[in-house]
Structure formats: C-alpha cells, structure tokens
Amino acid sequence: MIKFDNVSVSFSNKKGQLVNAVKNVSFDIEDGEILGIVGTSGAGKSTLLRTVNQLQLPTGGKTVVNGVDVGGLSGGDLARFRHSIGMIFQQFNLVSTKTVAQNVAFAMEIAGRSRDEINRRVPELLDLVGLADRADVYPNTLSGGQKQRVGIARAVANNPKILLCDEATSALDPETTNDVLRLLKEINAKFGITIVLITHEFDVVKKICQRVAVMDKGELVEIGDVFDVFSKPQHDFTKTLLSHTFDLDVPERLTLDDAKPLVKIIYNGEKAEDAIVANVVRNYGVDVNILHGKIEYINDKPFGILIVQLIGTKDNLDNSLDYLSKNTYRTEVLNERN
Amino acid sequence: MNETNYSDLFDNLLPAFGETLEMCGIALLLAVLLGVPLGVLSYITAQRSICQNKLVNLVVGFFINVVMSTPFVILLVLLLPFTRFVVGTSIGPEAASVPLGIVAIAFYARLVEGNLHAVDKGVIEASLAMGATWFRIVTNVLLPGAFSGMIRGLTVLAVTLVGYSAMAGIVGGGGVGDLAIRFGYYRYQTDVMLITVLLLIALVQVIQTIGEKASRKVQK
Ligand SMILES: Nc1ncnc2c1ncn2[C@@H]1O[C@H](COP(=O)(O)OP(=O)(O)OP(=O)(O)O)[C@@H](O)[C@H]1O
Ligand SMILES: [Mg+2]
C-alpha cells in the first residue's frame with residue numbers, strides 16, 4: 001500500500017521564490033488497484049508521484065510504501081527498494097546505445113540478477129509486450145508505441161509490486177494509447193501490480209482506472225471511484241475538467257421554459273434505462289421529449305447520460321421526477337422550477 | 001633571404017614530424033586516461049547530479065579553469081620544475097609532452113563534460129528509478145551516450161594540440177611547428193615555412209577526417 005501522509009514539496013525557483021508544488025496531500029493507494037492522478041499542467045502530479053520512489057524527497061510529511069517511510073531510505077536500501085518499483089515515462093527514456101533486449105536486461109543487471117536468469121527472462125518479457133521479433137534492434141528504429149512497450153517490459157522486469165506511469169501515453173496517438181492501456185491493464189490483472197498513472201486526459205482514466213485523484217495547484221481536490229467522480233464531481237475544478245464529457249448543450253430557450261422540467265438522467269448499465277423512461281410515459285401520463293444523450297464506458301461499464309424534457313401536469317411531473325430519482329443513478333433538474 | 005638547402009631541410013623534417021606525433025600522441029593518451037575521468041568527475045559531482053559533491057566539483061573545476069585560462073607559453077615555463085621532476089629533464093619532446101599533456105587533460109575534461117551534458121536527462125532519471133548506482137549510470141548510460149561526441153572532441157583536441165606543439169620549441173621540444181618557426185620565421189626561409197605549414201595542414205586534415213569517420217561509425 002502507498003500512503004501519502006500530509007506530503008508537501010516546495011522548490012526554490014531561479015528567482016529564489018518558494019514554489020509549493022505539492023501541498024499537504026494525504027491519501028492511500030490500495031494494493032493491486034489502478035489509480036489515476038489527473039490535473040492540469042503544473043498541478044504537482046509528477047512531483048507527488050516521484051516521492052514514491054524518492055526521485056523527489058518530500059519537504060513535509062512522508063510517503064510510506066508498505067510500511068516503509070520512503071524518505072528515510074538511502075544507499076543500498078534505497079536501491080533495493082527501487083528495484084521493487086517500476087516506472088515508465090512520457091518520453092520513454094530508453095538507453096539509445098542499448099538494443100531492445102539490452103534495455104530490458106539493464107533493469108535486471110541493476111537489480112543484480114544472474115546472467116542465466118536474465119537470458120531466460122528477457123525473451124519472456126519481450127513476448128509479453130509483443131516485441132519478441134525486435135529484440136536486437138536499437139530504440140531509434142521503433143515507433144512510439146513500441147518504445148513504450150520496451151519501457152513497460154523494462155519496468156516490470158524485476159517483478160515490481162508497483163508501476164508508476166508519468167504521462168506514459170501522452171506522446172502517443174489515440175490508437176497506440178489504447179494498445180498501451182490494454183497492456184497495462186493486462187499486466188495489472190496478471191501480476192496484481194499496483195499501477196499509479198498520471199495523465200491529463202480523463203479518457204485514459206475512464207478506460208483503465210478504478211479510482212481517480214484530482215489535483216489542482218498542488219492540492220488534492222477530490223478522490224474517489226472513477227464512476228462516482230465522473231457522475232458526481234464535487235469540486236468545481238473537477239467539473240471544469242469533466243465539462244467536455246458532461247456538458248451536453250441544449251438550446252437556452254428550453255431551459256427557460258420552467259413549466260417543462262429539463263432533466264439530466266444519468267444511469268449505469270445495471271439499470272434498465274429504456275424501461276424507466278417508458279414507465280414514466282406509461283405510468284404518469286407525462287410526455288418525454290429526448291433532447292440529447294450519450295453513452296460513455298467507464299471500466300467497460302456503460303454509463304449513460306440523457307437529457308429529456310418532461311411535459312405534463314404538476315402532480316404528474318413531481319411523481320415522475322420522484323420515480324426517476326429512485327430508479328436511476330442520478331437525476332438532476334437543470335432548470336429552475338416553481 | 002638565405003639559400004635553402006633542401007636536403008638539409010628534409011633531413012630535419014622527418015624527425016620533426018616524428019617529434020610532433022610523439023608529443024601530441026602522449027598528450028592525447030594522457031587526455032583519454034585522465035581527462036575522461038576528470039570530465040566525468042566534474043559532471044557527476046555538479047549540483048543536482050548523480051553524485052553531488054561541492055568540494056570535489058570546486059577543485060576539479062578550478063584546476064580545469066586555471067589550466068585553460070593560462071596562456072600555453074606561460075604554462076610551459078611555470079611547469080618546468082614539475083616537468084623536470086616527472087621526466088628527469090626539461091628539454092626535448094618528452095619534456096614538452098608534460099605541459100602539453102596537462103593542457104590536453106583539462107581541455108578534454110571540459111569537452112567530455114559537455115558531451116555528458118548532452119546525454120538525455122530522462123534516461124538518467126529512468127536509471128535512477130531502477131535503482132542504478134552512479135557508477136553503473138556512468139558506465140552504461142553516460143559514457144556510451146557521449147561516446148560519439150567524445151571522439152569528435154578528441155579530434156578537436158588533436159588539432160589544437162598540433163598547434164600548441166609548435167610552441168614546444170621553446171623548451172626544445174622540436175616538432176614540425178618548431179621547424180617552421182626556426183627555419184621559416186627566424187631565417188626568413190619562406191619556402192620552408194610554407195612546406196612545413198602545408199605539412200601541418202595535411203596532418204590536421206587527416207586527423208579531422210579520421211575523427212569524423214570514427215564518430216559517425218559509433219553513432220546509434
Ligand atoms: N526541480 C524543480 N525545481 C523547481 N521547480 C519545480 C521542479 N520540479 C517541479 N517544479 C515546479 O513544481 C510545480 C509542479 O510541477 P509538476 O511537474 O509536478 O507538475 P505536473 O502536474 O506534473 O505538470 P505536467 O502535467 O506539466 O507534467 C511546477 O510549478 C513546476 O514548475
Ligand atoms: Mg508531470
């Protein structure tokens with residue numbers, strides 16, 4: 001388990017001013033989960049992540065991994081600790097003078113593995129990431145996605161318990177991103193490795209994370225189940241971050257008509273969404289005018305948003321809204337009602 | 001203008017060429033043996049580098065700067081006692097190799113340090129994240145990454161040393177450059193000066209070509 005305990009990091013910049021990159025961040029990351037950290041550029045995501053393997057020392061608080069205060073490690077202890085944590089990067093950071101196989105072997109050499117073991121395991125790892133046929137080429141002949149696969153093979157070479165990903169897909173096109181995310185998910189499922197993944201794209205979070213932490217200006221503003229954060233963002237910053245997913249634009253004149261409630265219905269896959277809307281029509285004598293809708297997939301679970309206008313008598317409207325609230329994930333009236 | 005005795009000149013030219021090669025060769029060897037470690041030391045002990053050490057960094061930097069900012073002729077003279085101590089004499093090509101070697105070490109250390117700085121910092125960070133020691137990073141990442149640049153640096157150094165070696169005549173070092181000065185400059189034998197200078201240009205050209213080829217060959 002990774003525990004951020006009131007972690008703060010400040011730098012003095014070139015002008016000598018203090019920059020508080022991370023401010024009093026506390027949360028836990030469970031074993032085996034995939035947790036996303038999102039936030040805008042400069043939010044302190046990388047800095048926080050780097051305290052997990054002491055690439056960065058906290059200036060306040062501590063980062064604890066499996067009961068060990070990371071900041072207290074040094075020398076051989078720190079080196080051994082780092083062998084148990086893999087890391088992949090936006091720019092891949094492969095050694096350009098080593099072949100693909102040598103890059104993977106390098107991680108194992110560092111960890112003091114025997115030649116025999118290295119010779120046995122490197123082909124297995126390249127197989128895992130689908131690069132068995134590129135073992136002897138140099139990184140500069142690979143595509144971005146392939147480079148990141150080498151990075152992943154290298155990062156998991158020593159059977160780490162934790163994999164840190166700093167914008168690992170930000171330099172890749174959408175399709176390659178999906179491939180890499182699928183590979184990460186597979187690794188997580190197969191080996192139970194805890195994955196901490198930084199990204200500025202909520203799309204990435206949606207695809208593979210179970211939980212998400214949102215950072216803004218060095219602070220943790222929100223953390224929770226991806227589905228919950230998605231459907232009920234608490235913090236304004238999160239709402240802004242999510243706005244492109246959730247703001248289904250409807251013409252303003254519709255929101256002004258306060259006799260006809262404009263309702264946003266959010267439902268997840270476990271509810272029989274179609275029947276619910278049909279029931280409103282059938283049971284309450286209310287007309288339902290569907291204005292907008294879309295389905296998102298979060299962790300492969302469908303997550304639907306529907307914007308409808310309800311037309312009917314006040315009593316019927318009240319009843320149907322009541323019914324909707326009880327039977328959907330969330331129902332929200334977008335215009336003011338009297 | 002004096003009459004040129006060409007057979008006399010060619011009798012002088014061959015040994016002089018040998019002396020130039022000897023002086024520059026020894027200096028180059030010293031540069032590789034000591035300049036590389038010094039350059040590495042300066043790089044890794046710098047602030048925020050992989051083996052930070054203020055004192056060592058200061059001392060190394062000071063040595064390099066002093067040697068590089070002192071005019072070579074003055075260094076030549078200042079180092080006379082040291083030269084005598086090391087090679088037993090302060091005259092001849094071996095003696096001239098000492099100050100030349102020291103300049104070469106300092107000069108090459110700076111070049112190497114520059115080449116190391118050009119190595120991707122991200123890769124160093126990745127290595128640190130894997131738990132690599134500074135020594136492993138130096139041998140596996142930094143030196144291989146800087147290798148082609150270091151060969152190019154060696155070329156630059158060799159060319160510079162050919163120039164410096166001409167001044168070695170002051171301590172009786174001999175060499176082609178010395179010949180050019182003695183015959184061509186002091187005795188106003190323009191043709192001799194021309195021949196020796198052409199020879200130096202040819203030497204430099206050969207070094208440059210070899211260096212470039214080698215550097216390109218090792219580039220990944
Ligand atoms: N070594 C450093 N020295 C000084 N300031 C730093 C250093 N590293 C980070 N910072 C500052 O700390 C703040 C947070 O940086 P950080 O890299 O953690 O942000 P981030 O959320 O990862 O952003 P991005 O999405 O751009 O990678 C920034 O203002 C940055 O300028
Ligand atoms: Mg970052």
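**Reading the cut-offs in a two-chain model**

User: What makes Arg121(A) and Glu124(A) a salt bridge?

Analyst: Their side chains meet at 3.9 Å, N to O. The cut-off is a Lys or Arg side-chain nitrogen within 4 Å of an Asp or Glu carboxyl oxygen, so at 3.9 Å the pair counts. One thing to keep in mind: this is a predicted model.

User: Where do Arg121(A) and Glu124(A) lie in chain A?

Analyst: Both are in helix H4 (residues 115-128) of chain A, 3 residues apart, about one turn of the helix. An α-helix has 3.6 residues a turn, so residues three or four places apart point the same way.

User: What makes Arg50(A) and Glu125(B) a pair that joins two chains?

Analyst: Their side chains meet in a salt bridge at 2.5 Å, N to O. Arg50(A) sits in helix H1 (residues 45-50) of chain A while Glu125(B) sits in helix H6 of chain B, so the bridge joins two chains. Arg50(A) has 17% relative accessibility, so it counts as buried. Glu125(B), with 24%, is partly exposed. Over all chains the structure holds 15 salt bridges.

User: How do you know which class Glu332(A) belongs to?

Analyst: Its relative accessibility is 29%, so Glu332(A) counts as partly exposed. Glu332(A) also forms a salt bridge with Arg330(A), and the closest N and O atoms there are 2.9 Å apart.

User: Let's move to chain B. Which residues make the nonpolar surface patch?

Analyst: The patch of about 680 Å² is made by Ile181(B), Tyr185(B), Tyr186(B), Met193(B), Val197(B), Leu198(B) and Ile201(B). Helix H8 (176-186) and helix H9 (190-218) of chain B each give two or more residues to the patch. The largest share, 4 residues, comes from H9(B).

User: Which residues of H8(B) are buried?

Analyst: Val176(B), Gly177(B), Asp178(B), Leu179(B), Ala180(B), Phe183(B) and Gly184(B) are the buried ones. They pack against H1 and H9 of chain B. Just after H8(B), Tyr188(B) takes a positive phi of about 55 degrees.

User: What is Leu142(B) in contact with?

Analyst: Leaving aside neighbours within four places in sequence, Leu142(B) is in contact with Tyr43(B), Ile44(B), Ile50(B), Leu116(B), Val119(B), Ile124(B) and Ile137(B).

User: How far apart are the centres of the two domains of chain A?

Analyst: Taken over C-alpha atoms, 40 Å separate the centres of domain 1 and domain 2 of chain A. The contact takes 12 residues from domain 1 and 11 residues from domain 2.

User: What covers the buried residues of H2(A)?

Analyst: In helix H2 (residues 75-83) of chain A, the buried residues are Leu78(A), Ala79(A), Phe81(A), Arg82(A) and His83(A). Their cover includes strand S4 (60-65), strand S6 (85-89) and helix H3 (100-110) of chain A, together with helix H6 (121-129) of chain B.

User: And what does chain A look like as a whole?

Analyst: Chain A has 12 helices and 14 strands, and its C-alpha trace spans about 80 × 50 × 35 Å along its principal axes. Of its 338 residues, 51% are buried.

Key. Residues numbered from 1 in each chain as written. Chains lettered and ligands numbered in written order. Predicted model: local features only at pLDDT ≥ 70, side-chain atom pairs only at ≥ 80, totals over all residues. Heavy atoms only, no water. Patch = residues over 30% accessible without salt bridge, like charges linked within 9 Å, V, L, I, M, F, W, Y side chains within 5 Å. Areas by Shrake-Rupley, 256 points an atom, 1.4 Å probe, with all protein chains shown as cover. Contact = heavy atoms within 4.5 Å. Buried < 20%, exposed > 50% of the residue type's maximum accessible area, 1.4 Å probe, protein only. Domains from an automatic or database assignment.
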